[in-house]
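Here are my notes on the model you sent. Please read them with the structure open beside you.

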Amino acid sequence: MAPVNPAHAWLTHARFGMFVHWGLYSLAARHEWVMNRERTPLADYERYATRFEADRYDPRAWARAAKAAGMEYVVLTTKHHEGFCLWDSALTEYKATNTPFGRDAVAEFVEAVRAEGLRVGFYHSLIDWHHPDFTIDGAHPRRDDADVAAQNAGRDMGRYREYLHGQVRELLTGYGRVDYLFFDFSYPDAFGGSDLPGKGAADWDAENLLALVRELQPDIIVNDRLGIPGDLITPEQYQPTGPMERDGAPVVWEACQTLNGSWGYDRDNHDYKAPDLLVRMLIDGVAKDGNLLLNVGPTGRGDLDPRAVESLAGIGAWMDTHARAIRGAGATDLVPPPDARYTRAGDRLYLHLFAWPFGHVHLPGLAGKVRYAQFLHDASEVAYSEIDPDQAGWNTTPDGPAPGTLTLTLPVRRPDVAVPVVELFLGPTAAG
């Protein structure tokens, strides 16, 4: 397993958090990159700020939904690439307090999340398509303008860096302890096939920005998207094939995943993952010693999308009886059977059955190492045996399994849970 700073151990214990993408793009309701995708002129995009009422904003409901799903931390987009700020920043007028909503949404979010006993995380975009000094690059909505060079001639990334650092200072001094900071993102090479240069660590003055973060919040966890190493790496929209490494050493990692491929509210996107698939993704990550940061995109009025509520409830129903196979658990060197995953916490090994076997499941290398077995959802005993490997198959007698195999005897009917889990109590000889 990856070495963990003791102050950060809560993250790898929690294993599961909620990402919240919410901003002016929630009113457009067609992806959080709508300004980029549609090359929207700034004056046209600013109309969303005049319509930002968010009359149903209730971060307490978000926090309760996260907690009921088994999540232990929530990360909010304080500012996305569009440049609109959800807090009362003294450095810009482009903020929630200058809209019909008229309040500091970040302050209310922090209070609600802490009230549910959850950890507070902030997402903050390094990119800002609204700021007049942020130079046009290949990811910018104005990238196709004929006069890009002339527009950039009047822009000063030095002034933008001061703005970026100043806003980070505001966020990390105005809301008490912040547990997690998710920067997004560096793209030092040309972006999206454009001939325009990208932006990386030097553009953000990443070393000094990270030093500022550490000074203001010494125990905070910072991700890896400043263009320099952080406390964890953040694979996005894919599941790693195994525990992640950098330069041959294990690292802390967290998969960032969406419910439907969009981060912001996307009204006409119906490509939602089924709750049982989301549960399998969570298990798969923990089995590889990682976390899952699962995103929701509230509507422009501030509600969680009903489809997201349904997904979270489905995960929560499973986590209600299976949390100890996730929270505080991690990877093991033991090799599970096909269509299954192992997670382990101390002397308890959890067999997650992605496919339901007929009658028996054979566990290589566990003969003589298990003291007791039960289904996790109801603590009902699961019988097991060590079949003679030399047993010859005949009629209703199967061939013996490989030496060292433990065989579980399972009911024909699959338990009515998203993913059945067998909890195995290991003896002192079970390494890994």
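The numbered points below go through ring pairs, charges, one histidine, a helix crossing and some backbone details.

1. Basis. This is a predicted model, in which local features need pLDDT of at least 70 and side-chain atom pairs count only at pLDDT 80 or more, while totals for chains, interfaces and linings use all residues. Residues are numbered from 1 along each chain as its sequence is written, and side-chain values use heavy atoms, with hydrogens and water left out.

2. Aromatic pairs. A pair of aromatic rings is described by the distance of the centres and the angle of the planes. Rings of Phe, Tyr and Trp (its six-membered ring) pair if their centres lie within 6.5 Å; planes under 30 degrees apart count as stacked, over 60 as edge-to-face and the rest as tilted. The count by this rule is 29 aromatic pairs. One of them is stacked: tryptophan 22 with tyrosine 57, at 4.8 Å centre to centre and 10° between the planes. Tryptophan 22 lies in the loop between strand S1 (16–20) and helix H2 (25–28), and tyrosine 57 in the loop between helix H5 (47–50) and helix H6 (59–68), so the pair ties together parts that are 35 residues apart in sequence. Helices (H or I, at least four residues) and strands (E, at least two) are DSSP runs, numbered from the N terminus.

3. Tyrosine 57 again. Tyrosine 57 also pairs with phenylalanine 101, this time edge-to-face, with 5.5 Å centre to centre and 80° between the planes. Phenylalanine 101 lies in the loop between strand S2 (73–79) and helix H7 (105–115) and tyrosine 57 in the loop between H5 and H6, so this pair ties together parts that are 44 residues apart in sequence. Tryptophan 22 is buried at 2% relative accessibility, tyrosine 57 is buried at 7%, and phenylalanine 101 is buried at 5%.

4. A ring cluster. Ring pairs also link Trp10, Phe19, Tyr73, Tyr123, Tyr180, Phe182 and Trp263 into a cluster.

5. Charges over rings. A charge sits over a ring if NZ of Lys or CZ of Arg is within 6 Å of the ring centre and within 35 degrees of the ring normal. Arginine 47 lies over the face of tyrosine 48, 4.5 Å from the ring centre. The charged end of lysine 199 sits over the ring of phenylalanine 134, at 4.2 Å from its centre.

6. Salt bridges. A salt bridge is a side-chain nitrogen of Lys or Arg within 4 Å of a carboxyl oxygen of Asp or Glu. How many does the structure hold? There are 28 salt bridges. Among them, arginine 159 and aspartate 156 have their closest N and O atoms 3.5 Å apart; arginine 159 is partly exposed at 42% relative accessibility, and aspartate 156 is partly exposed at 30%. Glutamate 236 and arginine 225 meet at 2.8 Å, N to O. Here glutamate 236 is partly exposed at 33%, whereas arginine 225 is buried at 13%. Lysine 288 bridges to aspartate 284, with the closest N and O atoms 2.9 Å apart, and both residues are buried. Salt bridges that share partners join Asp58, Arg60 and Arg64 into one network.

7. Histidine 124. Histidine 124 lies in strand S3 (residues 119–125) and is buried, at 0% relative accessibility. Leaving out residues up to four places away in sequence, histidine 124 touches several residues, including Thr78, Trp87, Leu164, Phe182 and Asp184. Contact means heavy atoms within 4.5 Å.

8. H6 and H7. Residues Pro59, Arg60 and Ala63 in H6 meet Glu108, Phe109, Ala112 and Val113 in H7.

9. Backbone details. A cis peptide bond joins aspartate 184 and phenylalanine 185, with omega about -15°. Phenylalanine 185 lies in the loop between strand S4 (180–184) and helix H10 (201–204). Arginine 39 is not a glycine, yet its phi is positive, near 50°; arginine 39 is found in the loop between helix H3 (34–37) and helix H4 (42–45). Aspartate 205, also not a glycine, has a positive phi of about 55°, and is found in the loop between H10 and helix H11 (206–216).

Terms used
Buried < 20%, exposed > 50% of the residue type's maximum accessible area, 1.4 Å probe, protein only.
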